[in-house]
Amino acid sequence: MAATTDIAVIGLGAMGAAALYQLARRGARATGIDRFAPPHSLGSSHGETRITRQAVGEGAAYAPLVLRSHEIWRELEAATGASLLVACGGVTIGPMHRASSHHGKPDFLRTTTAVAHQFAIPHEVLTRDDLTSRFPQFTNLAPDDVGYYEPGAGFLHPEACIAAHLAEARRYGSRTLLDTRVTAISQRNDTVRIETTAGPVEAAGAIVTAGPWTAPLLGPPFDSLLRVTRQVLHWFAPDDLEAFRPARCPIFIRMHGPGDSDYFYGFPIPEGGAGVKVATEQYDAATDTETVDRSTRGEEAAGMHAVHIAGRLAGVTPRALRSEACLYTNTPDSGFVIDTHPVMSRVLVVSACSGHGFKHSAAIGEAAAEHATTGRAKLDLAGFRLDRFVTPMPIVNALQGRAR
């Protein structure tokens with residue numbers, strides 16, 4: 001016999017853990033399923049720190065998500081005693097009047113400033129001289145570089161955030177099936193059936209938050225829409241640790257060329273840390289969860305330092321303390337997908353964070369739980385619909401579940 005639940009959450013990374021918590025605190029009988037035991041380092045939600053910024057240059061549709069997420073992180077901190085969000089400030093540096101693309105948005109810096117004005121987010125626009133005076137870590141600035149500075153930005157501890165969400169979900173009565181692989185999902189009438197390596201689960205609804213495992217699990221249209229890429233994070237030794245502590249160094253995004261790869265981002269050194277974490281993004285080479293190279297090579301760190309860091313980040317030496325690989329799941333427009341499955345009406349798909357999802361995950365989990373329990377979310381999710389990419393599939397031609 002199949003186990004039964006009200007709502008099943010498939011994948012317990014950033015989005016899934018948040019959704020499970022929000023379902024449980026609403027009194028839903030919720031079951032979370034993950035092929036590993038999160039938090040873990042095999043997906044997209046690890047690496048010690050994740051940037052959070054309130055005026056998001058990806059567009060105004062994201063600002064309500066991150067603003068609500070900040071409220072939820074603080075609520076979780078109060079409930080658990082964990083430190084989740086460090087508001088050390090954040091600066092985005094680039095030319096105000098030249099192209100500088102980030103996440104597919106060529107007007108990223110100008111959009112960031114416009115969103116800050118639209119949502120009354122406290123901020124400053126710093127001149128090149130202001131930047132040099134306030135943040136001497138950033139060197140070799142172009143004459144027309146400016147800095148968007150936001151005091152409420154900072155970083156999240158991703159592993160701690162996921163652990164807090166899951167702990168609170170269990171405290172409210174949710175069940176988790178860990179080290180359990182989902183092999184197929186189908187819907188018949190009003191029941192969603194989930195085949196797993198621990199036996200079948202039947203639910204009144206399901207939320208799929210499987211990240212890079214989404215397309216192999218769901219098949220069309222996701223297998224042609226979602227693209228997985230390997231990203232590498234690096235931690236470099238600084239000459240002066242204190243110069244990169246949160247009291248003196250904000251999180252930073254620095255754009256030094258016109259393309260999506262002509263930039264790097266980084267963090268101050270959190271309590272207990274020893275290296276300055278920096279990374280860039282690559283979208284040229286695709287991979288998948290089965291064949292991805294999870295190891296890292298010394299030449300990757302050396303290349304990162306030579307191409308992006310040298311001459312631009314004072315006091316960060318080429319000595320790499322460690323490097324880690326992670327996975328992005330990308331859509332063609334680098335936006336999210338939060339929408340009902342085109343065939344399975346009781347399955348909500350929440351995926352394709354495209355490299356900028358963690359900061360929004362607490363509010364997306366809340367919205368997913370609202371959608372699953374009431375049929376609608378309080379926040380406007382219209383900008384994340386699937387039909388911006390694909391037309392609805394006729395049921396006769398749809399694949400409702402795929403065995404793996």
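1. In this predicted model, Phe252 and Phe264 are both buried. Their ring centres lie 6.2 Å apart with the planes at 75°, so the pair is edge-to-face; the cut-off for that class is an angle over 60 degrees. Phe252 belongs to strand E14 (residues 251-255) and Phe264 to strand E15 (residues 263-266), so the pair ties together parts that are 12 residues apart in sequence.

2. Phe252 and Phe264 are also members of one aromatic cluster, together with Phe135, Phe138 and Tyr149.

3. Across the whole structure, a search finds 12 aromatic pairs. One of them is formed by Tyr62 and Phe336, edge-to-face, at 4.8 Å centre to centre and with 85° between the planes. This pair links distant parts of the chain, 274 residues apart: Tyr62 is in the loop between strand E3 (50-52) and H2, and Phe336 is in the loop between strand E18 (316-330) and strand E19 (337-340). Both Tyr62 and Phe336 are buried.

4. Two arginine residues deserve mention with the aromatic rings. Arg322 lies over the face of Trp235, 3.7 Å from the ring centre. Arg171 lies over the face of Tyr172, with a distance of 4.9 Å from the ring centre.

5. His70 is located in helix H2 (residues 63-80). Its relative accessible area is 10%, and His70 is therefore buried, the limit being under 20%. When neighbours within four places in sequence are set aside, the residues in contact with His70 are Thr52, Gln54, Leu85 and Gly152.

How values were computed:
Residues numbered from 1 in each chain as written. Predicted model: local features only at pLDDT ≥ 70, side-chain atom pairs only at ≥ 80, totals over all residues. Heavy atoms only, no water. Helix = DSSP H or I, 4+ residues; strand = E, 2+ residues; numbered from the N terminus. Buried < 20%, exposed > 50% of the residue type's maximum accessible area, 1.4 Å probe, protein only. Contact = heavy atoms within 4.5 Å. Phe/Tyr/Trp six-rings, centres within 6.5 Å; stacked < 30°, edge-to-face > 60°. Lys NZ or Arg CZ within 6 Å of the ring centre and 35° of its normal.
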